[in-house]
Amino acid sequence: MPEMRRSVILISILALSMIASPETFNVIAQNAEMHSYTFILSFEPANATVTGTLNMRYVNHASKSLSELCFHIYPNAFKSKGGYIDILQVKDTEGKSLRFTVEGEDETVLRTTLDRPLKPGEAVNITMAFHIKIPNVADRFGYKSGIYCLGNALPIASVYEDEVGWNNDPYYPYGESFNSEFASYSVTIKCPLNYIVAATGVLTNKMVSNGIKTTTWKASPVREFVIVLGNNFKVSKQAVGNVTVYSYYLPEHSEYGLKALEWGVKALTHFSKHFGMYPYPEYRIVETYGWFGGMEYPNLVMISSSLYTEESADFLELVVAHETAHQWWYCMAGNDENDEPWLDEAFAEYSEILYYEWEYGPEVADEMFERYILSSYHRYLNSGKKEHPLSESVWYFGDDTNAYYTMIYDKGACILR
Ligand SMILES: [Zn+2]
């Protein structure tokens with residue numbers, strides 16, 4: 001990607017970080033019409049399925065007319081593990097079926113042809129019906145032992161870029177490869193009564209009937225929407241300013257579920273003070289099963305269950321700080337994680353050290369930087385492995401995860417520090 005564009009994105013990130021506030025986001029929401037997504041979902045844990053409909057108002061933000069729309073349908077990247085999404089139909093406002101194809105090397109792109117070209121600034125309403133199978137894996141999209149994660153499970157519009165067309169990058173399994181526009185969401189989820197739901201945004205309605213719980217969540221403006229459901233969660237919360245922070249955890253991990261809440265509150269407080277106020281009313285820290293330490297989504301982060309122990313307490317605090325920092329880096333400062341992953345990962349890694357500095361002082365920050373970041377970078381270099389540019393895409397690194405994590409996370413944080 002050209003240097004100029006990289007600089008513009010970086011400046012945008014720094015500018016947004018200085019001005020982010022609820023008022024700013026309201027101005028953004030009023031001045032540029034965003035896409036709006038309305039999902040009605042029915043979750044059935046017995047079959048590990050979600051059936052649903054999307055009613056979407058898509059706004060053409062490109063400078064040319066669009067004759068087709070593209071969506072990411074990431075569950076198909078999990079086909080080898082038993083997860084997928086079937087798109088049952090796509091219709092326009094009048095109820096007329098639209099032609100669509102499923103494309104891409106991992107079948108994660110849905111391309112639908114519009115009845116007539118959509119002019120710049122025009123909007124179109126489309127509906128979609130789908131069926132999702134959740135795989136039995138410990139991942140952002142998957143389930144294990146009563147916790148169901150629906151990370152990147154819902155269809156989401158691809159970004160149309162004037163200079164390159166549809167940005168339909170596939171799914172990158174080792175990190176994040178997501179890029180989407182800010183949008184408004186209304187999501188209604190039906191689930192068995194014994195399940196507790198954690199999601200992006202704010203719970204605006206709850207009904208119970210015949211053993212089925214129906215909750216509606218609203219969020220705006222956010223880049224994507226995530227849901228976690230669990231049949232054994234305890235929930236604790238704490239207010240910090242105008243924000244309520246929630247921690248969802250397994251009963252046997254109460255001590256560290258409460259610690260995660262405490263550290264999340266501290267991280268949110270420090271980052272709000274120094275980066276710009278967290279502009280949403282709620283933030284959720286959710287214990288899940290995952291191969292990762294943590295995973296960031298707007299208003300909600302997944303934290304690996306394996307960290308909720310005495311031996312992992314130090315790392316749990318670090319991961320909570322890192323994932324909370326992503327609320328600014330990626331969730332608000334909207335970079336493309338495919339092309340420039342360092343713009344959120346290096347900043348989040350650096351921010352976790354700032355958290356230690358602001359919470360415990362410079363000596364502790366130095367020690368944590370040395371232990372978790374600098375030593376990792378030196379170990380990599382001392383092993384004779386090749387140095388790579390910080391600005392490369394996730395696809396440049398491919399399955400060389402050691403190079404990816406060391407360059408993008410550790411080297412990136414070293415440069416910022
Ligand atoms: Zn990260």
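Predicted model: local features only at pLDDT ≥ 70, side-chain atom pairs only at ≥ 80, totals over all residues.
**Entry 1: Ile373**

Leaving aside neighbours within four places in sequence, Ile373 is in contact with Glu349, Glu352, Ile353, Met368, Asp410, Ala413 and Cys414. I placed Ile373 in helix α6, which covers residues 362-382. Is Ile373 buried or exposed? Its relative accessible area is 0%. The cut-off for buried is under 20%, so I wrote Ile373 down as buried.

I then took a distance across the model. Trp217 is 156 residues from Ile373 along the chain. Their C-alpha atoms are separated by 37 Å.

**Entry 2: the two domains**

I checked the domain assignment next. Domain 1 is made of 1-31 + 233-417. Domain 2 is 35-230. I noted 24 Å between the two domain centres, taken over C-alpha atoms.

How many residues of domain 1 are in contact with domain 2? I found 43, and they meet 43 residues of domain 2.

**Entry 3: the interface**

I looked up the area next. The two domains bury about 3500 Å² between them. Carbon and sulfur atoms carry 61% of that area. Which three residues supply more than any other three on the domain 1 side? They are Phe233, Tyr289 and Tyr297, with 19% of the area that domain 1 buries against domain 2.

I went on to the polar side of the interface. I counted zero salt bridges between domain 1 and domain 2. The polar contacts came to 18 residue pairs across the interface, with both residues at pLDDT 80 or more.

I listed the elements that give two or more residues to the side of domain 1 that touches domain 2. They are β20 (282-288), β21 (294-297), β22 (300-304), α7 (394-397) and α8 (401-416). Strand β20 gives the most, with five residues. By class, I logged 25 nonpolar, eight polar and 10 charged residues on this side of domain 1.

**Entry 4: Glu282**

Is Glu282 buried or exposed? I read 13% relative accessibility for Glu282. That is below the cut-off of under 20%, so Glu282 counts as buried.

What does the side chain of Glu282 make a polar contact with? I found the side chain of Arg284, at 2.8 Å.

I finished with the contacts of Glu282, not counting residues up to four places away in sequence. Glu282 touches Gly201, Val202, Leu203, Val243, Thr244, Tyr246 and Asn299. Among them, Gly201, Val202 and Leu203 fall within the 35-230 range of domain 2.

Technical notes. Residues numbered from 1 in each chain as written. Heavy atoms only, no water. Domains from an automatic or database assignment. Contact = heavy atoms within 4.5 Å. Buried area = accessible area lost by both parts, 1.4 Å probe. Salt bridge = Lys/Arg side-chain N within 4 Å of Asp/Glu carboxyl O. Polar contact = N/O pair within 3.5 Å; in protein donor to acceptor, adjacent residues only side chain to side chain. Helix = DSSP H or I, 4+ residues; strand = E, 2+ residues; numbered from the N terminus. Nonpolar A, V, L, I, M, F, W, Y, C, P; charged D, E, K, R; others polar. Buried < 20%, exposed > 50% of the residue type's maximum accessible area, 1.4 Å probe, protein only.
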